[in-house]
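Here are my notes on the model you sent over. Have it open while you read, and take the points in order.

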Number of protein chains: 2
Amino acid sequence: MKKLINTAESVVEDALNGMAAAHPSLRVRDRVVYRAEGPRPGKVGVVSGGGSGHEPLHAGFVGYGMLDAACPGEIFTSPVPDQIVEATQAVDGGAGVLHIVKNYTGDVLNFEMAAELVEDVEVASVLVDDDVAVQDSLYTAGRRGTGATLFVEKIAGALAEEDAPLAEVAAVAREVDERSRSFGVALTSCTTPAAGKPMFDLPETDVELGIGIHGEPGRARVPMRPARELAVLAMEAIHADLPLRDDLLVMVNGMGGTPLMELYVVYAEVAAFARGKGARVTRSLVGNYVTSLDMQGFSVSVCRLDERLTRLWDAAVETPALRWGR
Amino acid sequence: MKKLINTAESVVEDALNGMAAAHPSLRVRDRVVYRAEGPRPGKVGVVSGGGSGHEPLHAGFVGYGMLDAACPGEIFTSPVPDQIVEATQAVDGGAGVLHIVKNYTGDVLNFEMAAELVEDVEVASVLVDDDVAVQDSLYTAGRRGTGATLFVEKIAGALAEEDAPLAEVAAVAREVDERSRSFGVALTSCTTPAAGKPMFDLPETDVELGIGIHGEPGRARVPMRPARELAVLAMEAIHADLPLRDDLLVMVNGMGGTPLMELYVVYAEVAAFARGKGARVTRSLVGNYVTSLDMQGFSVSVCRLDERLTRLWDAAVETPALRWGR
């Protein structure tokens, strides 16, 4: 294993130092990444977090129009309640705080505990569980939270920026989760710095359909095939669960080690599939956004938009990893 | 080799179709990527191009404030003169066209030939040769053009957007090249779809210092070491060639297969090195921008800014891969 790290123990800390140095718009304190400008009175604070190794999720989405704070845990490990408590109290502008939680047992428990420990802050919580691949999984009861987390954070963040009340921000976050589905495909395993070897064996001839973002097993292991067929398998799994129609937001996401060129090859097939079902992809995103360390592969996330969600998606955002039109 | 492609022969075409589908702001015609809105009368057209496999370079930088057109060749292969002629004629708004050419023999020849073939368009050309690693190389006489190409395209594109005349746009492009240096480090080889196996052998214990973006050999092969030491080696090579001082624009760039988290680890070390030399990193970029297919590794590019270059760097840009503040 070769990785650009100093030590396996310091990798999260070192990467956060790099983020802080690269982005004056961020402030990093006690393992929480904040907007440097601090909370705005009257605005709902939006907080997310989870294990590290999925960058730019979540810290790369801290900024105007999206998150107020992100709580990174160790690699593939939930943040601790203390981090979440501190983040929640720090970003409260008096209108309460929304927790956006990916559905993994550790994350769910620690965010719940933090919500109980927080003093004098109204907290609402939304669970993201968009991955249609499997019902339960290694670290999850129910469906896993994956790519749609980005959709939830962007759209809830946009509504919070408009000074909507906590209940409304939480409701739109839930609505986005309900309207979103994801499916991932791994070409290779990922390797954590601590383990130093691949998390699972995947022969050179095979791919894993329905992979989780921590290398959790998916639905099936099948022989490698052209991008077109892999895209169709992913889209069929999504379409079977939530019929594609009307306006869609589609993300073709790389798992961390996937070149952009290949993601565009997949996107062409995904868009063609959606058209074939009579749906319109009106918004899209292609790139490495919700990753799994150095894993090669992709995931597709789809959200069924309406006019309001489209408007909130289009609203200005200014974060390290997502920015447009302030 | 597992790649998200349909066939090795169609990968460039398929990826361009994906780009066109994902970005309504782009138009793809005859292997040239244009701004959909077409040329603006009185504005210098800015055209670049080169082999594919370096995405998002160049097509991902087509848009407001940067390129008017990009000419992608086959993987690691120069675009043909016909593409460049067509792009040049199509983007001319009457004020002439700047060619931004990375210093590789094939690119230089084909852009020169195209400049001669173009009719009724004034063409200026600037060569990017920022890589300090080696003097001559596999495909290059003189230094190779790598990461600083992004700086040249951004800053020349910004000045062109202000309707500066061709001579001025060409002059600022040359100035950025002269003020910029780069150095790359490979942890792994890249694999072209056509070859289907790594371009070179790099043992699990070693890294290649001064790697080119097509896997060309660098200065030395040394045992793998912590990110801090690799960053220092890269920065020392740059500093020895162009002393770091005053305001710097720094890019820590991934080679395509490198997770963002690791790039931030490297960035922290790069920024610390610059501070140690008494320089200030006033602008930065961390991500996969000038890549080499699936290669793992990084490059650092540094440009010595002044007030005018800072202003042009900050100017609004709206492309698939780089966007801020229109």
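1. Which side chain does Lys3(B) meet in a salt bridge? Its partner is Glu262(A), with N and O 3.9 Å apart. Keep in mind that this is a predicted model. The count between chain B and chain A is 2 salt bridges, and the rule also finds 23 residue pairs in polar contact across that interface.

2. Now the interface as a whole. On the chain B side, 56 residues are in contact with 55 residues of chain A. The two chains bury about 4,400 Å² between them, with 63% of it on carbon and sulfur atoms. In chain B, the residues that lose the most area to chain A are Lys2(B), Leu4(B) and Met261(B), together 23% of what that side buries.

3. The same surface serves both copies, as 98% of the contact residues of chain B recur in chain A.

4. On to salt bridges within a chain. Asp163(A) and Arg40(A) pair at 3.0 Å, N to O. Asp163(A) lies in the loop between helix 4 and helix 5 of chain A and Arg40(A) in the loop between strand 2 and strand 3, so the pair ties together parts that are 123 residues apart in sequence. Both are partly exposed: Asp163(A) has a relative accessible area of 40%, and Arg40(A) is at 32%. The two also belong to a network of salt bridges, which includes Arg35(A), Glu37(A) and Asp68(A).

5. Another one to look at is Asp241(A) with Arg181(A), where the closest N and O atoms are 2.6 Å apart. Asp241(A) sits in helix 6 and Arg181(A) in strand 7 of chain A, so this pair ties together parts 60 residues apart in sequence. Asp241(A) is partly exposed at 29% relative accessibility, whereas Arg181(A) is buried at 14%.

6. Finally, check Arg35(B) and Asp68(B), whose side chains meet in a salt bridge at 3.5 Å, N to O. Are these residues buried or exposed? Arg35(B) counts as buried at 4% relative accessibility, and Asp68(B) is buried too, with a relative accessible area of 5%.

Key: Residues numbered from 1 in each chain as written. Chains lettered and ligands numbered in written order. Predicted model: local features only at pLDDT ≥ 70, side-chain atom pairs only at ≥ 80, totals over all residues. Heavy atoms only, no water. Contact = heavy atoms within 4.5 Å. Buried area = accessible area lost by both parts, 1.4 Å probe. Salt bridge = Lys/Arg side-chain N within 4 Å of Asp/Glu carboxyl O. Polar contact = N/O pair within 3.5 Å; in protein donor to acceptor, adjacent residues only side chain to side chain. Helix = DSSP H or I, 4+ residues; strand = E, 2+ residues; numbered from the N terminus. Buried < 20%, exposed > 50% of the residue type's maximum accessible area, 1.4 Å probe, protein only.
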